[in-house]
Amino acid sequence: MALRALVAAHAQSAWNRSTRQLTRGGRNLALAFIAVCWGVGTLGFSTAMLALGWAAGRDLDGRGLTLAGATLFALSWGLGLMFGLTGSGRLLEVGQLKAYPVRPLTLLFAELAARAAEPLTLGCIMGLTALHVGLAVAQPGLIPRLVVMLAVHLVVLLGAQFVLGELLAAIARRARIALVLVGALAMGFSPRVAAWLDGPRREHGFERLLRLTDSVRYLPSTRLLGAPAGGWDALGRLCEGLAGPLMLLLIGAWVMGREHTAHAAVATEREKGLWTFDSPDAGIARLHLSTLFRTPLGRYSLVAPLFAMVMVPWVMQMLFHQQRASLAVFIYAALGTVQFHFNLFGFDGPAVAELFRLPVSSATLLRGKHLAVLSLALLEGAVLAVFLRLVREESSSECIAGLCVFLTINLMMATLGRFVSAVWPRTLSRSGLRGTAPPLPVVLVNLFGTFAIAGSLGLTHWLVMHYAPAYVVPWGVGALLLGAAVFALTLKPAAAFLEARREHVLLSMK
Amino acid sequence: MNALELFGVTKDFGAVRAVHEVSFALEPGSLIGLLGRNGAGKSTTLKMISGLLQPTAGRVEVLGRDVAKFPLETRRDVGAMPEEMALLDMLSGPQYLRFVARMYGLDTKTADARAAELMDRLELLPPRGTVIADYSFGMKKKLALSSALIHSPRLVVLDEPFEGIDTVTSRTIKDLIALLQARGVTVVLTTHVLEIVEALCPRVAIIEKGRLVGFGPLDEVKRTHATLEGLFLELVGGHRKGELSWL
């Protein structure tokens, strides 16, 4: 009963929220768009999984077992891990349910049910089910085992998302310094590891594939599928297969129980030496920076350049055998800060009323917010440039050009974001990562804006490096000046736009 | 020149009409209690007075200036304490007051002096460095009131100032309101506690379903009804319902 009520309340809230954010027509349009994309994608994916399951099932004594085991593991543990890492945290508002006599396990199952209804996860569930059905069609004798396996894999897919998503949020909140250290250490070693990957001692692709194939047989999914019929070995493998999902459920229930009875820790703030500013712009900027640094997202943005520095050259090395990747690093890192530009009032939430009742114009508000976000971006970009130059030994000209590109992207996105912030404002949680996912229109604007801005910068950079590499710094400076000009020229119309939509922003921030 | 004047103010939220052609005027130094049931349109009216919401029709004038045409000038003259109290809750109390005071153009020294005085007067004594998010409801209320007064406004708008606070704080707020009135500041307050309005406000306005159904000096009101509650119930049509059979 409680489970049904929780899931129904979540579904109703999500439905009402989407109506409120997008209006009724916008919601229906977005739903139709998502339904068509989801239907086509899921149909194709499920058909492919059905065929794969059937093909693998016909050769379970040979390569089929490896193929099925690897796919099952990738779809359950792999995608669960990926969705958990990239997702927006908790779906259920557990904090609001403290007053109700609900068991942690009920809360956990309600959370998992809510996750199962997310379009991507639902698509994966369909694919996983189709894979099991394919295996069952090919091997009807395995149907009882496949039923157990389907349940196991579904729990893993959902549980891994929840547990790992929570873990990530907790790490972002509490271990940011450790993360920076790990990132710095990884960064120091990454050129050597990448060189090893690409060096003379590397294995042939076929050998590596063989080694990988061999290790697939140790995966729990493969062991469960390939277990002999009956006997202690079969029982052992069943226990092995159940251990993962059981562990996820136990940890999940513990997390929910902890949250359900938690009391917030008292936060403190130094009072002296702060809040001295000369102009209203600076005051708004200071307030905004202070808020940003108190959020997991804001704190993560300080670590993000290090991740970009470690990750992007690796990817470039693997794909193109090219480690000189400063531009790619800068573009990747710049895109990470975009969400701050696209929801300037998000962290203020309902307190935006406090800002709006102050005797400051919309232009001042925008200037202050931009000052804060761009200062943060400048700090990130500068750290990135220094580290790329000193640790990865990128050329100075590439670092300077990259920094210019980084700032240009930020300026262009800020230009776009000030309008987006006034049209689709939404409250962001400051204590976790929940609710950070933007609405569909913002995703589309972000996507096309990113494609246009980063794409044109990347293309012109390639042209400059190809035909006149000596001019890469003037090119970067030119791009930055152009970005700054567009930014400055659109401030006045953007302020007028915000002025006209203050009420909309205020009423959206509940 | 009136301190506050509403000319046929109407406010729609989509298909819902929250405030319907409300008009009244207040001279400087007036103190008025704005009464009404939950959802009657009191808070929306106050938000239009403080410039947070724009009227769909009609206009609001504060000290002779149209709020829609002179938003910045109006905000400088108005001190508002909203009911929701969504304060900048990641600042400490003193930081918040200094921030607000500085945004109103006060220098740091004056801001700090006024903040200290207000905190002392309202007995707002949070543990050092605690951020507003961790304040109790009553402390947040006092802080919101302090921020509404720190820039010496000429019109003060208080939405439910007596809700959720202890008797001592209630007494302090009543004293502050009396002081404001004595200094010629115009005060508009809403509350559900009719006894407070009877004790404090020389004038009342009653809103029901967005319409102004009663407005005038309290003495005149009392001439026709023994108590304010009697008049209020008659105007808003509150009827006693039957018992709950299962309780």
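Reader: Is B:Phe24 buried or exposed?
Author: B:Phe24 is buried, at 6% relative accessible area. Buried means under 20% relative accessible area, exposed means over 50%, and partly exposed is in between, with a 1.4 Å probe and protein chains only. This is a predicted model: local features need pLDDT of at least 70, side-chain atom pairs need pLDDT 80 or more, and totals for chains, interfaces and linings use all residues. Residues are numbered from 1 along each chain as its sequence is written, chains are lettered from A and ligands numbered from 1 in written order, and side-chain values use heavy atoms, without hydrogens and water.

Reader: Which residue forms an aromatic pair with B:Phe24?
Author: B:Phe215 does, and the pair is stacked, 5.3 Å centre to centre with 25° between the planes. Rings of Phe, Tyr and Trp (its six-membered ring) pair if their centres lie within 6.5 Å; planes under 30 degrees apart are stacked, over 60 edge-to-face, the rest tilted.

Reader: Where do B:Phe24 and B:Phe215 lie?
Author: B:Phe24 is in strand 2 (residues 16-26) of chain B and B:Phe215 in strand 10 of chain B, so the pair ties together parts 191 residues apart in sequence. B:Phe215 is partly exposed, at 35% relative accessibility. Helices (H or I, at least four residues) and strands (E, at least two) are DSSP runs, numbered from the N terminus.

Reader: How many aromatic pairs over all chains?
Author: Four. One of them is A:Phe345 with A:Phe356: the centres are 5.8 Å apart and the planes at 70°, so this pair is edge-to-face. A:Phe345 is buried at 1%, and A:Phe356 is buried at 2%.

Reader: What lies over the face of A:Phe356?
Author: A:Arg502, at 4.7 Å from the ring centre. A charge sits over a ring if NZ of Lys or CZ of Arg is within 6 Å of the ring centre and within 35 degrees of the ring normal. In chain B, the charged end of B:Arg59 sits over the ring of B:Phe7, 4.0 Å from its centre.

Reader: New topic, the open sheet. What is the strand order in chain B?
Author: The six strands run 6-7-8-3-9-10, with mixed pairing. Strand 6 (78-81) and strand 10 (211-217) of chain B are the edges, each pairing on one side only. Two strands pair if DSSP finds at least two bridges between them.

Reader: How many bridges join strand 6 and strand 7 of chain B?
Author: Four, in the parallel sense. B:Val78 stands opposite B:Leu155 in strand 7 of chain B.
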